[in-house]
Amino acid sequence: VKKVYLGIDMGGTRIKMALLNKNAEILRTKDIDAQAGLSMEQRLEDLVDDINGLVGSDCKLKGIGIAFPGIIDFESKKILSKYVKYPNAHKTDIPGWAEKHWRIPLLIENDARAALLGEWQHGSGKGCNNILMVTLGTGMGSAVLLNGQLLRGRNYLAGNLGGHMSIDFQGEICNCGNRGCVETLASTWALEENLKKIPNYKSSILYKEETLSFKSVFTCASNGDNIAEKLKLQSLEAWSSGIINLLHAYDPEKLILGGGILESKEEIIPFIRKRVWEYSWLPDSGTEIVAAEQTKYAGLQGMCYLLNIEIFNN
Ligand SMILES: [Zn+2]
């Protein structure tokens, strides 16, 4: 019987699960619909059958690691932020769930931090102990590794709020209550409102799309749609501006960019490199800017690393 860990990446739209051995090799995976909107407690109970099916009779589950989008108290294993997608997540006893069903330990960490650890151990961050990770997805997530240590801070906010760094104090109110956050200017959730602020936006093919995505913004822009081009440029400027602030704050050796929007990395990475070169205090050889390598399971591999060092001393 193989001893395995279970990694769970709870996104806003998909839940990714994988069994991993202690070397973070992925043995089996399962992807399911998040059905965010259900309470966290309900959603976890629903996962039990899927998890038992994944483990089967040939594996023995030793520990669970959950990567979650929100502010996480790593020590007491609690979700702190209340505006996340799963209602009542902040009131749910998550380690109690693992104890009740399998009598095993559980860890939970912010998804950007987990992805950073995965990239550090198994992806484009290998061999580098000072890393800033920025994920561009529904919002903009960030995490920081300094001298080989994950930066967490007294309230678990440190390095995590890149998307809510204000780059315009006169800007729009964000879903967090602050004004002019990077996410109000460039995120999937604010895409439609940002489209509607561009004059003559109705002339764009984007306007006719049912669900607006950055993928279509980049595609329409390269097909010559002027409105899409404006939206694309505004987004690239907003991300660059936020990223330069983060680079100044943490002065890492390497910036790793991940998240679904990096499908368009050929356009995003050169733009950000140029802006960093033009606008930052960093020397020309300052910070290497690269795309994430382990795009799908970095978060799960990061949770495997945490289980190894925090609980099993592997
Ligand atoms: Zn905000």
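Reader: What should I know about the model before reading it?

Author: It's predicted, so local features need pLDDT of at least 70 and side-chain atom pairs count only at pLDDT 80 or more, while totals for chains, interfaces and linings use all residues. Residues are numbered from 1 along each chain as its sequence is written, and side-chain values use heavy atoms, leaving out hydrogens and water.

Reader: How many aromatic pairs does the structure hold?

Author: In general, you describe such a pair by the distance of the ring centres and the angle of the planes. Here there are 6 aromatic pairs. Rings of Phe, Tyr and Trp (its six-membered ring) pair if their centres lie within 6.5 Å; planes under 30 degrees apart are stacked, over 60 edge-to-face, the rest tilted. Take Tyr5 and Phe312: centres 5.4 Å apart, planes at 35°, so that pair is tilted.

Reader: Is Tyr5 buried or exposed?

Author: Buried means under 20% relative accessible area, exposed over 50%, partly exposed in between (1.4 Å probe, protein chains only). Tyr5 is buried at 4%, whereas Phe312 is partly exposed at 27%.

Reader: And the sheet: in what order do the strands come?

Author: Strands of a sheet pair through backbone hydrogen bonds, either parallel or antiparallel. A strand is a DSSP run (E, at least two residues), numbered from the N terminus, and two strands pair if DSSP finds at least two bridges between them. This open, mixed sheet runs β10-β9-β8-β11-β12. Strands β8 (residues 131-136) and β11 (residues 254-258) pair in the parallel sense over 5 bridges, with Ile131 opposite Lys254 in β11.

Key
Helix = DSSP H or I, 4+ residues; strand = E, 2+ residues; numbered from the N terminus.
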